[in-house]
Amino acid sequence: MGFKGFEKLTTYVEYKTPYHLLHPLTKLLIVVIVTIICAESIWWVDLIIGIASLYFYYLLRRIRLILSFSLLQMIGSVLDYSYFVSPVVLREIFGNNLTIIWKFPSYFVFMGFVPYLTLQAIIYSFQVSMRIWTMLMYSGLIFLTTTPSQIIRSFHKMKVPMSITFAITVGLVSLPRIFDTADTIIKLQLMKGIGYKKRIKFLYNLRAMFESIIPLFIYEFKKAKTVSISAETRAFMAYKKRTYIDDITFSKIDKIVVTIMIAALIIDTYLVIVGMIPSIPFHP
């Protein structure tokens, strides 16, 4: 998917979906409640909730990108976690019959690796990755359906200090720009001849990516200085209160969604407490 794909997944999409109609605070509340439900429930609950979010990505025409990102995130999480999960935990969940599929050299132990990779470690890591995946899916919808001005107005209603609101807004605006700049720098590196007439292009693409780090930091530091000067010249923080032409309100749809989410949290917590939904990821 590349940096261009990440940029598309973090840039506001001008489109009318049900998610666009929600108040920014409602979207934040959805992420918080989804995170709590995922933290206390078994992996297949997380999977169902995550799949439900794909409908909105389909409406936003980002379904291919989000599926590529999901695959990348799951593979990365499984590979990253399965090497370090303790065999004691695996034996408590799966029993003593662990299926070893790979043995590492003995010196890998000194780097924190478990001496062998088991099938159960991969299954357990996949279940754990579901929690992160679902949270990322609903967090991504905030980027795609909320403008920075909506966030500023909603935070203003909550009496959030202007300096914090400004920092969050600059972060939201900067993220897609960073991916766009990184993509441009890598293309320039390739145009200069990195990997020209070479059979294995992948290694040279990695080299171009690595060499783009320093120019990217320099560019972003310059941008940060420009934003700082612009804010000062426009008398930012000169007054504690600010006025806005368009006010953002809590609609009837927001109240319905909040009620549904709180009800879902209460029901899930009850089912976890009575044991109808297992509270930790394990092999059924």
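**Close-up views of the salt bridges and the domain contact**

Lysine 4 is partly exposed, with a relative accessible area of 34%. Buried means under 20% relative accessible area, exposed means over 50%, and partly exposed lies in between (1.4 Å probe, protein chains only). This is a predicted model: local features need pLDDT of at least 70, side-chain atom pairs count only at pLDDT 80 or more, and totals for chains, interfaces and linings use all residues. Residues are numbered from 1 along each chain as its sequence is written, and side-chain values use heavy atoms, with hydrogens and water left out.

**View A. Lysine 4 and glutamate 7 in helix H1.** The two side chains meet in a salt bridge, 3.3 Å from N to O. A salt bridge here is a side-chain nitrogen of Lys or Arg within 4 Å of a carboxyl oxygen of Asp or Glu. Both residues lie in helix H1 (residues 2–9). They are three residues apart, about one turn of the helix. Helices (H or I, at least four residues) and strands (E, at least two) are DSSP runs, numbered from the N terminus. Glutamate 7 counts as buried, at 17% relative accessibility.

**View B. Lysine 4 and aspartate 180.** These residues form a salt bridge, with their closest N and O atoms 2.9 Å apart. Aspartate 180 sits in helix H8 (residues 162–191) and lysine 4 in helix H1, so the pair ties together parts that are 176 residues apart in sequence. Aspartate 180 is partly exposed, at 25% relative accessible area. Lys4, Glu7 and Asp180 are linked in a network of salt bridges.

**View C. Aspartate 183 and lysine 187 in helix H8.** Here too a salt bridge joins two side chains, at 3.1 Å from N to O. Both residues belong to helix H8. They stand four residues apart, about one turn of the helix. Aspartate 183 is buried, with 13% relative accessibility. Lysine 187 is partly exposed, with a relative accessible area of 46%. The structure holds four salt bridges.

**View D. The contact between domain 1 and domain 2.** Domain 1 covers 18–146 + 249–274, and domain 2 covers 153–234; the bounds come from an automatic or database domain assignment. Each domain gives five residues to the contact, where contact means heavy atoms within 4.5 Å. The domain centres, taken over C-alpha atoms, are 27 Å apart. About 440 Å² is buried between the domains, 89% of it on carbon and sulfur atoms. Buried area is the accessible area (1.4 Å probe) that two parts lose on being put together, summed over both. The count of salt bridges between the domains is zero.

**View E. The domain 1 side of that contact.** Between domain 1 and domain 2, the number of salt bridges is zero. Helix H2 (residues 24–40) supplies the largest share of the side of domain 1 that touches domain 2, namely three residues. This side divides into four nonpolar residues, one polar and no charged. Ala, Val, Leu, Ile, Met, Phe, Trp, Tyr, Cys and Pro count as nonpolar, Asp, Glu, Lys and Arg as charged, and the others, Gly among them, as polar.

**View F. The whole protein, for orientation.** The protein has eleven helices and two strands. From the N terminus, the elements run α-α-α-α-α-β-β-α-α-α-α-α-α. The C-alpha atoms fill a box of roughly 65 × 60 × 35 Å, taken along the principal axes. Buried residues make up 38% of the 284 residues.
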